[in-house]
Amino acid sequence: MEVSNIRHALNVKREDDFAKWYQEVINAADLAEESGVRGCMVIKPWGYGIWERVQRLMDDRIKAAGIPNAYFPLFIPLANFEREADHVDGFAKEMAVVTHHRLIADGEGGLIPDPEAKLEEPLVVRPTSETIIGDAMARWVQSWRDLPLMLNQWANVVRWEMRTRMFLRTSEFLWQEGHTAHATREEALEETHRALEMYRACVEEDLAMPVIAGEKPENERFPGADETWSIEAMMQDGKALQAGTSHYLGTSFASAAGIQYQDKDGEHQLCHTTSWGTSTRMIGGVVMTHGDDDGLRVPPRIAPHQIVILPMLRDKPEDEAVLAYCEDVRKSLSGVSALGEPIRVLLDKTPGKAAAKRWSWVKKGAPVIVEVGPRDMENSKVAVLRRDALWNMDNGKPAMTFTPRNEFASTAAQLLEDIQADLFAEAKERRDAKITRGMTEWHDVVNSFRKGGKYPGWVEVEWSKPNGAELEAVVEKLKAEKLTFRNVPRDSEPADGICIFSGKPAVERILVARAY
RNA sequence: CGGGGAGUGGCGCAGCCAGGUAGCGCACCUGUUUUGGGUACAGGGGGUCGGAGGUUCGAAUCCUCUCUCCCCGACCA
């Protein structure tokens, strides 16, 4: 299919070593780097710019749902976690704790925490904010008129993970956490689903990453939640990535924090709460969904620069004219909107060889690269390179299209919309081809993962949704094959067969996959 | 935390086993060359070898401790 003389921008190909390729893209695209602090990364401008775009688009959706932002403390009193037993069980093993508030010299040129300055009560660096936001909600909710109470926070959180991976699992990460309190279970569930749907829309429409929304089985629930829902994306190696979660917390957190209200009859009632979050992990998902052997491909909606204009400067007198021509091209785009927003154009005047700059933008994944040389100027044209269709398969060279300059401005919006749509379609097609349905024997599932090639994808099976010891046994069975349950797809067909694990009548269909 | 691997100029690596103050490719700087485009040649700048301690006349090379990263496992919204 692919001509062999293509000289790709990366040294590692996806099919040769996916993990190494992932690292290389993050490097080559200038997204982030190691910080020297265990499990923590430095997010570089291009990576952070993408995050800011994601943040903006998600925040718009949250605000459109009528949920305002607020900010709560980074430090949470230890005692807060002791109130909800399941919650503390879930997070105890991975909490960073502040125990002192002062340093003193150790006498050997170093510094140590001052034993005299030990905190009465240790403070936990938030791994999530249910407990501290719950405190506030308890104060803020008195009457049924105060409900629903809906809040969102953009923040950093810390979870002391054993093994970290850039963007996918870092000790500190950036995220958004929504927290709501409602009068009834029905309203809280409705909010849980509204948040889930908001995530699905944002990730599919903005990040161009196809996901499957559904409910997590009991063993995968958020600590303390009654129901956990997720959106699951398939990476190019067939593994699953949880890209967002939404939880119905029942009344357990309300009970722990005392979030209650007086209803119209004057009776005290516990609130039903929800929480939901998405994080910088989504950036890792974008890399593993849209990246290729030449680096990253950023979907136009989340690209900090959608079009990069590259003047072919050669330290010659005509450089000035080329630059002026590029300025004109940029100006011609200034009134143009694409995908509902003013188009974002960068004229890259930084010194350096034009060819090297071109490849750096290819690796970063700018959706459209426009090259302009003296000859283009002479012909009133621009050379357009689509990052999502980089190569001319006939000659193995970059697929440049020479477009009349006045035509380019009028077609740019459509071009970006096409790229956004094509990236999504490509990812969706790849994913759908890798989901297997209809298996009724467990050993067939095992074989499909063992022998189904390098990247076997997912399998959807029917099961009887057991709990307790029976569920544990099933989870162990999965574990033995390095498999996990992902979710029960929201819109899957009803079950009509038997449980693949027990042979009992099945009650639903559930996705099984290897996961990040 | 268990097993394995690795940390040498910006990036990728060699040197280490048989210790004598560092080398290659890319990138970078200067000049020339080339000019529908990841050109070529010549010259040049930059590192004290993750960190600390030890052995030694002398350590990137040997020993001890420690930090960090990668892979597998365990663990994990």
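I count a contact when heavy atoms lie within 4.5 Å. With that in hand, I looked up histidine 101, which touches Ala117 and Leu119, residues up to four places away in sequence not being counted.

**Ground rules.** This is a predicted model, in which local features need pLDDT of at least 70 and side-chain atom pairs count only at pLDDT 80 or more, while totals for chains, interfaces and linings use all residues. Residues are numbered from 1 along each chain as its sequence is written, chains are lettered from A and ligands numbered from 1 in the order in which they are written, and side-chain values use heavy atoms, with hydrogens and water left out.

**Histidine 101, continued.** I found histidine 101 in the loop between β4 (97-100) and β5 (103-105). My helices (H or I, at least four residues) and strands (E, at least two) are DSSP runs, numbered from the N terminus. I also checked histidine 101 against valine 445: they are 344 residues apart in sequence and 54 Å apart in space, C-alpha to C-alpha.

**Cavities.** Rolling a probe the size of a water molecule over the atoms shows where empty space is left. On a 1 Å grid over the protein atoms alone, a cavity is a set of points where a 1.4 Å probe fits but cannot get out, and lining residues have an atom within 4 Å of a point. Grid points are joined across faces, edges and corners, and a volume is the space filled by probe spheres set on the points. By this rule I get three cavities of 30 Å³ or more.

The largest cavity has a volume of about 140 Å³. Its lining has 17 residues, and Glu130, Thr131, Gly134, Phe253 and Ile259 lie nearest its centre. Two or more lining residues come from each of α5 (130-140), β9 (172-182), α7 (252-257) and β15 (272-279). Helix α5 gives the most, with five residues. I sorted the lining into seven nonpolar, seven polar and three charged residues. For that sorting, Ala, Val, Leu, Ile, Met, Phe, Trp, Tyr, Cys and Pro count as nonpolar, Asp, Glu, Lys and Arg as charged, and the others, Gly among them, as polar.

I then traced its partners, taking two strands as paired if DSSP finds at least two bridges between them. Strand β9 runs antiparallel to β15, joined by eight bridges, and threonine 180 stands opposite threonine 274. Strand β12 (residues 240-250) is also antiparallel to β15, with five bridges; serine 246 has tryptophan 276 as its bridge partner.

**Nonpolar cores.** I defined a core as a set of buried Ala, Val, Leu, Ile, Met, Phe, Trp, Tyr and Cys residues joined through side-chain atoms within 4.5 Å. The largest one has 62 residues, and Trp21, Leu31, Phe167 and Leu296 have the most contacts inside it. Helix α2 (residues 45-64) supplies the largest share, seven residues. Another core lies apart from it, with 27 residues, including Ile307 and Val384. Back at leucine 31, I noted its touches beyond four places in sequence, among them Ile26, Trp46, Phe167 and Val287.

**Other strands.** Strand β21 (residues 381-386) pairs antiparallel with β20 (residues 368-372) over four bridges, and valine 368 stands opposite arginine 386. Strand β21 also pairs antiparallel with β24 (residues 400-404), over five bridges. Elsewhere, four strands form an open sheet of mixed pairing, in the order β25-β26-β29-β27.

**Glycine 340.** My last stop was the loop between β17 (337-338) and β18 (341-342), where glycine 340 is found. At 75% relative accessibility, glycine 340 counts as exposed.

Terms used:
On a 1 Å grid over the protein atoms alone, a cavity is a set of points where a 1.4 Å probe fits but cannot get out, and a pocket is an open set with protein on both sides within 12 Å along at least five of seven lines; lining residues have an atom within 4 Å of a point. Buried means under 20% relative accessible area, exposed over 50%, partly exposed in between (1.4 Å probe, protein chains only).
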